[in-house]
Amino acid sequence: MSASPDLPAIVERAFAVSRRAGYVSFCRNETGRLLAMLAATRDGTMAEFGTGCGVGTAWLRSGVRGEKATIVTAELNPKLARAATEIFDDDPLVEVLTANWSTLLDKGPFSLLFLDSGQPGEVGVDAIADLVEDGGIVVLDDFTPCESWPPIAHGRVDVLREQWLTDERFTTVEVMVAPDASTLIATKR
């Protein structure tokens with residue numbers, strides 16, 4: 001079976017592994033294409049916090065252009081981490097860890113960091129800023145587009161989005177990747 005012309009082979013493989021594992025929560029293709037494009041501009045260490053079955057990591061890997069770049073990713077759930085390891089078993093540029101993302105703290109600073117939006121204490125600017133090198137990029141996905149200011153989500157001010165869009169340590173933009181999804185892209189100054 002050949003890969004879809006729209007998806008890199010490594011991403012097709014990640015989707016197949018996810019299906020076999022029964023895991024359906026993964027990086028959208030629109031965000032994945034953005035990750036691949038950003039990874040193509042990076043050297044150094046890239047990371048993903050919360051691997052799942054490795055679809056986001058596969059998108060990052062599909063964009064890597066040189067052997068100076070490496071990717072490290074951590075997944076707390078052992079079943080999902082084993083599934084992701086299956087995808088990258090023979091790839092010297094990707095390391096999958098069965099661990100909480102905090103185990104990656106000593107592997108930075110990162111040139112590109114991909115993580116899901118979550119609680120401000122976990123993925124807020126203060127928790128992440130020192131993990132990224134100067135000029136490094138942070139990508140946070142799983143936002144719902146918002147046209148108001150301050151940003152509102154679920155009837156409340158979206159504190160996480162507000163933090164990232166106003167912090168002086170980063171230049172941040174919100175990009176709609178689909179009509180129902182947006183991503184924050186932040187570059188460390």
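Residues are taken as buried when their relative accessible area is under 20%. By this criterion, in the predicted model, helix α2 contributes Thr 31, Gly 32, Leu 34, Leu 35, Ala 36, Leu 38 and Ala 39 to the buried set. The cover over these buried residues includes helix α3 (55–63) as well as the strands β1, β4 (110–116), β5 (132–143), β8 (170–178) and β9 (181–188).

The loop that runs between α2 (29–39) and β1 (44–49) holds Arg 42. This arginine is buried but forms no salt bridge; Glu 133, the nearest side chain of opposite charge, is 4.7 Å away. A salt bridge requires a side-chain nitrogen of Lys or Arg within 4 Å of a carboxyl oxygen of Asp or Glu. Polar atoms of the Arg 42 side chain are instead found 3.1 Å from the backbone oxygen of Ser 111 and 3.1 Å from the backbone oxygen of Gly 135. When neighbours within four places in sequence are set aside, the residues in contact with Arg 42 are Ala 69, Ser 111, Leu 112, Gly 135, Gly 136 and Ile 137.

Ala 21 belongs to helix α1 (residues 9–21). Ala 21 counts as buried because its relative accessibility is 17%, and the cut-off for burial is under 20%. Excluding residues up to four places away in sequence, Ala 21 touches Cys 53, Lys 79 and Ala 83. Between the C-alpha atoms of Ala 21 and His 154, which lie 133 residues apart along the chain, the separation is 31 Å.

Key: Residues are numbered from 1 along each chain as its sequence is written. This is a predicted model: local features need pLDDT of at least 70, side-chain atom pairs count only at pLDDT 80 or more; totals for chains, interfaces and linings use all residues. Side-chain values use heavy atoms; hydrogens and water are left out. Helices (H or I, at least four residues) and strands (E, at least two) are DSSP runs, numbered from the N terminus. Buried means under 20% relative accessible area, exposed over 50%, partly exposed in between (1.4 Å probe, protein chains only). Lys and Arg count as positive and Asp and Glu as negative; His and the chain ends are not counted. A polar contact is a pair of N or O atoms within 3.5 Å; within protein, one must be able to donate a hydrogen and the other to accept it, and residues adjacent in sequence count only if both atoms are side-chain atoms. Contact means heavy atoms within 4.5 Å.
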